[in-house]
Amino acid sequence: MEIDREDGRTPNQLRPLACSRNILHRPHGSASWSQGDTKVLAAVYGPKAGTKKNENPEKACFELIWKPKSGQIGKAEKEYEMILKRTIQSICVLTVNPNTTTSVIIQVVHDDGSLLPCAINAACAALVDAGIPMKHLAVAICCCLADNGYVVLDPNKLEEKKMTAFAYLVFPNTTLSVLPEGSSEGEPVEHGLITSVTYGVMSVDDYFLCVENGRAATASLSAFIRKNFQQGQRDSSKSG
């Protein structure tokens, strides 16, 4: 039995994507990212001299600030901050700017499902805009499990309420990481996962099915990012 989605998408079909960089003037880098009606703004400040709280003489530090559309930050948002911070630290080259702190601020504009992956994609775009040294780009996607066992990608808010389990997955944008020569940042990530977070109960087989479907969908995400960034570079060259 094929699963029916109210917006007519197939189970593996993503919502329309949109990304704009350098949209804010005060931050060192900024980006907006939309997936369907879910939209997030990301701003990057730094690197700046490390504070006593975050200073590390050998590595750069990152702080993540999540700003909901309205109201106070809650437990879920605090968890999102932690996941995003760890993801960013794993894709950035931390030895280039030691003893500095870079702040990444996430502003939720509208949440219509798959909010965390949308925020991760926005943060990566803003880091590129700020010129932060990165081992590789990352693409994030939400894979969820329906009652009938089907895996559904990039659910909207209405679909999320009907799902039994979720997997938020972050993949490297390329199959092989690019590390600076002589870097001790770790082994290249080949066909790997950068971040994996699950909610709800799913079997091991269902989890690997989510990973398989999610990885397949990253091809379209990666193609969109490359096209968007190349267009941005051409626009910058023209304005320069």
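Predicted model: local features only at pLDDT ≥ 70, side-chain atom pairs only at ≥ 80, totals over all residues.
Local features were taken only where pLDDT is at least 70 and side-chain atom pairs only at pLDDT 80 or more, while totals for chains, interfaces and linings use all residues. Residues are numbered from 1 along each chain as its sequence is written, and side-chain values use heavy atoms, with hydrogens and water left out.

Let's start with the sheet. Strands of a sheet pair through backbone hydrogen bonds, either parallel or antiparallel. Here 5 strands make an open sheet, in the order β1-β2-β3-β5-β4, with mixed pairing. (Helices, H or I of at least four residues, and strands, E of at least two, are DSSP runs numbered from the N terminus; two strands pair if DSSP finds at least two bridges between them.) β1 (17-21) and β4 (61-67) sit at the edges with a single partner strand each, so one side of each has no neighbour in the sheet. From one strand to the next, the twist averages 15°. β4 runs parallel to β5 (residues 100-110), joined to it by 7 bridges, and E63 stands opposite S103 in β5.

Now for the helices. Helix α1 (residues 75-91) packs on the sheet and touches β4 and β5, its direction making about 145° with that of β4. Contact means heavy atoms within 4.5 Å; axes are lines fitted to C-alpha atoms, for helices over the stretch in contact, and angles run from 0 to 180 degrees between N-to-C directions. Helix α2 (residues 115-130) lies across β1, β2 (29-35), β3 (38-49), β4 and β5, at about 150° to β2.

The two helices also meet each other: α1 and α2 pack at about 40°, with their axes 11 Å apart. That makes α1 oblique to α2 (under 35 degrees is roughly parallel, over 145 roughly antiparallel, 65 to 115 roughly perpendicular, and the rest oblique). Residues of α1 in this contact include Y80, I83 and L84, and those of α2 include L115, L116 and A119.

In one of them, the ring centres of W33 and F224 are 5.5 Å apart and the planes are at 90°, so the pair is edge-to-face (centres within 6.5 Å make a pair; planes under 30 degrees apart are stacked, over 60 edge-to-face, the rest tilted; for Trp the six-membered ring counts). W33 belongs to strand β2 and F224 to helix α4 (residues 204-239), 191 residues apart. G46 and P47 are joined by a cis peptide bond, with omega about 5°.
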